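Colleague: Could you take a close look at one pair of packed helices for me? I would like to hear how the two elements sit against each other.

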Amino acid sequence: MSEPYVPYHKPGTITMLAGPCSIESEEQFDAVAACLEGLGLSWIRGGAFKPRTSPYSFQGLGEEGVRIMRTAADAHHLQCITEVVDTAHVQYVHDNVDALQIGTRNMANFELLKKVADVTEESHKPVLFKRGMAATIDEWLSAVEYLTQKGNPNMMLCERGIRTFENATRFTLDISAVPVVHQRSMFPICVDVSHPAGQTALIPSLAKAAIAAGADSLMIEVHPDPKNAKSDAAQQLTLPQFEELMGELREVAQTVGKTIV
């Protein structure tokens, strides 16, 4: 069958997946969407269902968050992506966003992966598949086959840092995963630079390194008021910080013959 959905990226481009860690309100998300539209970007990301380490942390707005995302994305001519964390939500999320994300904690949740494969069998809607925080690349590449077994080819792998003995950063960014994935698979690869950094000061350097390594996409967390964010406050850029960084990243991308979209 023909593929109704365009994959995440086209040759010569780097797809920017930017947006807040959590969708918190219509005002918050619309402000980010307006910024991304103004920068000529194509996608917005944000969490509606939040798998948190502590049950007392903000768990997301759920279906209301998805509604907010869809409304803002349409208003600002963007495509949107959000994480699905439970088999019960897969169909709803699929029907209301442009791409689904599988997070690090669910890399080996094989029942969830099989459900996503079932739901995207006909639509071929794109799926972003994050590496588990303690997974080898071989385990990651094996697990992605659960998602493709029903014929959806539109996958993008996402390196988001792995857990090591090092504690100077939140996670250790395995930048070597970019060329290894290109060597061992047919899938494009995104690098989430916010989670391994854990602090905004490191994000520009990690993003530039990812572009230089050959990343097909970048994921960066952006928030209108990070100090008051309900999750991951320390690693989210302000809108002016993101705008400044975009100028720098476009220069780096140009040196490797790519444009950021």
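**A helix pair up close**

Modeller: Happy to! The axes of helix α8 (residues 203-213) and helix α9 (residues 239-255) cross at roughly 25° and come within 10 Å. Here axes are lines fitted to C-alpha atoms, for helices over the stretch in contact, with angles from 0 to 180 degrees between N-to-C directions; helices (H or I, at least four residues) and strands (E, at least two) are DSSP runs, numbered from the N terminus. α8 and α9 are therefore roughly parallel to each other (angles under 35 degrees count as such). Their crossing is right-handed, that is, the near helix is turned clockwise from the far one by less than a right angle. On the α8 side, the contact (heavy atoms within 4.5 Å) is made by Ile203, Pro204, Ala207, Lys208 and Ile211, and α9 brings Leu245, Glu248, Leu249, Val252 and Ala253. Of these residues, eight are nonpolar, two are charged and none is polar, where Ala, Val, Leu, Ile, Met, Phe, Trp, Tyr, Cys and Pro count as nonpolar, Asp, Glu, Lys and Arg as charged, and the others, Gly among them, as polar.

A word on the model: it is predicted, local features need pLDDT of at least 70, side-chain atom pairs count only at pLDDT 80 or more, and totals for chains, interfaces and linings use all residues. Residues are numbered from 1 along each chain as its sequence is written, and side-chain values use heavy atoms, leaving out hydrogens and water. The average pLDDT (the predictor's confidence in each residue, from 0 to 100) is 94, and 96% of the residues score at least 70.

Key. Angles under 35 degrees count as roughly parallel, over 145 as roughly antiparallel, 65 to 115 as roughly perpendicular and the rest as oblique.
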